Amino acid sequence: MQYPYQIKTLEQYKEEYQKSVDNPEGFWAEIAENFQWRKKWDKVLEWNFIDPKVEWFKGAKLNITENCIDRHLETLGEKPAIIWEPNNPEERTRVVTYSRLHKRVCQVAQMLINNGVKKGDRVCIYMGMVPELAYAVLGCARIGAIHNVIFGGFSSQSIADRLEDSKAEFIITCDGAFRGGKDIPLKSIVDDALIGNKMVKKVIVYTRTRRPVSMIKGRDIWWEDEMDHALFQIEKNNEVSFPAVEMDAEDPLFILYTSGSTGKPKGVVHTTAGYMIWTTYTFVNTFQYQPGDVYFCTADIGWITGHSYIVYGPLAAGATSVMFEGIPTWPDAGRFWDIVDKYKVNILYTAPTAIRSLMAHGLEPLEGKDLSSLKVLGSVGEPINEEAWHWYDEYVGKGRCPIVDTWWQTETGGIMISNLAGVTPAKPSWATLPLPGVQPVLIDEHGQEAHERDETGLLKGNLCIKAPWPGILRTTYGDHERCRKNYFATYPGLYFTGDGALKDEEGNYRITGRVDDVLNVSGHRIGTAEVENAINMHTSVVESAVVGFPHSIKGQGIYAFVINEKKPHDEELAKQDILETVSRIIGPIAKPDKIQFVSGLPKTRSGKIMRRILRKIAEGEMENLGDTTTLLDPAIVNEIKENRL
Ligand code: WTA
């Protein structure tokens with residue numbers, strides 16, 4: 001498969017970028033010709049950022065799985081679509097060719113239909129990183145069911161909240177998941193989430209770890225049995241097929257919950273055609289994927305990076321994608337390098353937090369690993385610090401692999417600002433230039449387009465986007481007003497990202513981090529309000545305030561200031577109880593790194609917590625706390641400072 005829309009030179013990038021701004025409809029219509037449609041569109045784009053309303057390729061009919069699988073069968077049928085590396089390196093690798101993927105996805109589609117799943121129904125998927133997770137996602141897409149994948153690190157309570165918000169009637173899960181030395185009891189976590197739930201009709205359980213699980217008659221069924229039965233039904237004349245359901249371009253493809261500045265995660269909704277084109281276009285251009293390349297994205301499918309750049313983008317481009325069940329440091333910190341060596345990986349896409357954690361293990365794990373197959377390296381999820389960038393460049397890329405620093409979000413569906421590997425220039429810790437179709441703008445503190453450069457020639461502001469690109473979120477599930485308020489109301493007429501950024505004179509962007517109350521812990525988004533809510537649920541807690549602080553590996557750590565009803569007898573134990581509570585309510589990923597018991601919080605006379613002060617204290621910046629005279633009780637600041645952890 002060749003990619004006529006792959007940009008090859010800096011000149012061409014500039015031309016394409018200009019075209020995409022001058023005539024977005026013409027630009028994207030031309031790219032859309034490279035996909036398979038049941039019916040072409042009536043109108044390429046209709047939009048306003050007031051409602052907001054965005055419709056791409058309206059009136060077109062398609063199924064994304066025909067684009068990701070069926071259309072490749074003739075030429076790539078026997079080529080690997082997914083190469084699966086198990087958690088335990090001693091276990092057998094699984095190579096899933098495009099024709100095998102086709103068969104499995106058809107089986108899942110039939111299995112879902114057999115169990116009463118219909119187009120538009122929500123299917124919640126809570127699985128480890130096994131190929132069956134990809135089959136489940138694509139099986140949903142094949143029949144037009146809306147998948148909602150929940151990362152395996154979320155708790156029962158988080159699952160319960162998502163099930164309720166999305167009104168899901170179906171779940172696909174595993175008995176357990178292997179991750180490093182752990183066996184996570186997924187089914188049992190789902191069981192807890194289902195206590196009191198009256199909506200869920202079927203739970204399909206894939207056996208991975210074969211740990212004992214409870215199976216409730218009439219509700220819980222085994223994946224293996226159902227898949228066998230489905231295969232029997234769809235095998236005809238030596239062929240296996242399940243016709244894909246025809247979808248409208250704007251039919252929802254999936255919901256993915258993500259944290260914002262309020263306590264409750266929102267269900268970001270992506271639709272079919274625009275998302276497909278955006279993920280494919282950005283995949284092919286950013287990584288400069290060439291047919292036959294082996295590509296390895298280390299993300300989990302439970303996050304947007306896995307959706308867009310393990311499943312949809314690479315498969316629609318007919319790529320070979322490595323999927324890894326385990327973690328980078330198990331059985332030792334050389335695991336990524338073993339995988340690169342074993343499968344001769346050409347493109348590696350990972351997160352700064354993983355790079356930093358591997359850096360901390362020194363160079364020994366890299367010794368004797370052949371990394372010469374690598375051509376392109378990628379980074380995603382948080383700003384990459386210069387030290388990590390140089391380590392990645394020098395010891396992994398051996399100075400000869402361009403690094404793409406890809407800035408984007410769950411809401412953007414795909415990569416927005418990034419250099420294109422080897423085509424447009426890289427600049428350490430700068431995401432650099434916008435992809436064609438993306439029109440960023442920086443807004444200053446007066447709500448105007450920033451135009452005053454500082455002494456070093458940089459513009460600074462809140463990062464917004466002026467016009468829709470095909471992968472933009474369409475709504476937040478069940479609550480369009482929330483979508484409007486969150487993303488389109490701060491600066492009327494603009495999409496607001498929640499990130500701050502700098503722009504240099506060449507037009508390069510550097511993302512400086514979130515400007516709202518969202519933390520980025522190990523590349524995962526966590527809302528401070530969400531963590532506070534969880535801490536406050538602990539019986540002895542009166543109030544809490546959560547802020548981020550710089551963490552050498554995670555990027556940001558979570559610092560919680562907690563007021564207890566009375567001074568705990570055993571502080572350590574009291575902290576453990578709080579951690580356990582947070583684990584139960586959100587999941588282990590949201591556990592604070594530091595908990596400081598305080599007797600009060602710095603509040604204004606109107607009762608608002610001055611987070612700025614807490615943030616500075618957490619960061620260790622004790623001197624310049626700014627004006628504290630407006631505080632109700634200025635003395636509290638000294639107490640907090642003295643007892644800082
Ligand atoms: C941050 C992950 C700097 C940013 C794809 C954004 C980044 C949030 C980068 C989205 C990058 C992501 N440089 N910051 N290259 N990539 N971010 O929704 O703050 O999990 O708003 O999507 O991660 O996180 P999300």
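Me: Let's start with F57. Which strand is F57 found in?

Reply: Keep in mind that we're looking at a predicted model. F57 isn't a glycine, yet its phi is positive, near 55°. As for where that residue sits, the strand is β2.

Me: There's a cis peptide bond from D51 to P52. Which loop holds P52?

Reply: The bond from D51 to P52 has omega near -10°. P52 belongs to a loop with a strand on either side, and the two strands are β1 (43–48) and β2 (53–58).

Me: And what is omega for the cis bond that joins W330 and P331?

Reply: First, the setting: P331 lies in a loop that runs between β19 (320–324) and α12 (335–343). The peptide bond joining W330 to P331 is cis, and its omega is about -5°.

Me: On to the ligand. Which residues come nearest to the ligand?

Reply: There are 17 residues around the ligand. By class, that shell has six nonpolar, six polar and five charged residues. The ones that come nearest are D405, T406, T410, D499 and R525.

Me: How far is a nitrogen atom of the ligand from an N or O atom in the side chain of D405?

Reply: Polar contacts here are pairs of N or O atoms within 3.5 Å. On the backbone side, a ligand nitrogen is 3.4 Å from a polar atom of P383, and a ligand nitrogen is 3.5 Å from a polar backbone atom of W407. For the side chain of D405, the distance to a ligand nitrogen is 2.8 Å.

Me: Which elements give two or more residues to the shell around the ligand?

Reply: The protein covers 97% of the 530 Å² of accessible area that the ligand has on its own. The elements giving two or more residues to the shell are α11 (304–316), β22 (403–406) and β27 (509–514).

Me: Now the domains. How far apart are the C-alpha centres of domain 1 and domain 2?

Reply: The domain assignment gives domain 1 as 66–245 and domain 2 as 518–642. Seven residues from domain 1 and seven residues from domain 2 take part in the contact. Their C-alpha centres lie apart by 38 Å.

Me: Which three residues supply 53% of the area that domain 1 buries against domain 2?

Reply: The size of an interface is often given as the accessible area lost when the parts come together. Between domain 1 and domain 2 that buried area is about 510 Å², with carbon and sulfur atoms giving 54% of it. On the domain 1 side, 53% comes from three residues, more than any other three supply: G153, F154 and S155.

Definitions and conventions:
Residues are numbered from 1 along each chain as its sequence is written. This is a predicted model: local features need pLDDT of at least 70, side-chain atom pairs count only at pLDDT 80 or more; totals for chains, interfaces and linings use all residues. Side-chain values use heavy atoms; hydrogens and water are left out. A residue is near a molecule or strand if one of its heavy atoms lies within 4 Å of it. A polar contact is a pair of N or O atoms within 3.5 Å; within protein, one must be able to donate a hydrogen and the other to accept it, and residues adjacent in sequence count only if both atoms are side-chain atoms. Accessible areas come from the Shrake-Rupley method with a 1.4 Å probe; for residues, only the protein chains shown count as cover. Helices (H or I, at least four residues) and strands (E, at least two) are DSSP runs, numbered from the N terminus. Ala, Val, Leu, Ile, Met, Phe, Trp, Tyr, Cys and Pro count as nonpolar, Asp, Glu, Lys and Arg as charged, and the others, Gly among them, as polar. Domain bounds come from an automatic or database domain assignment. Contact means heavy atoms within 4.5 Å. Buried area is the accessible area (1.4 Å probe) that two parts lose on being put together, summed over both.
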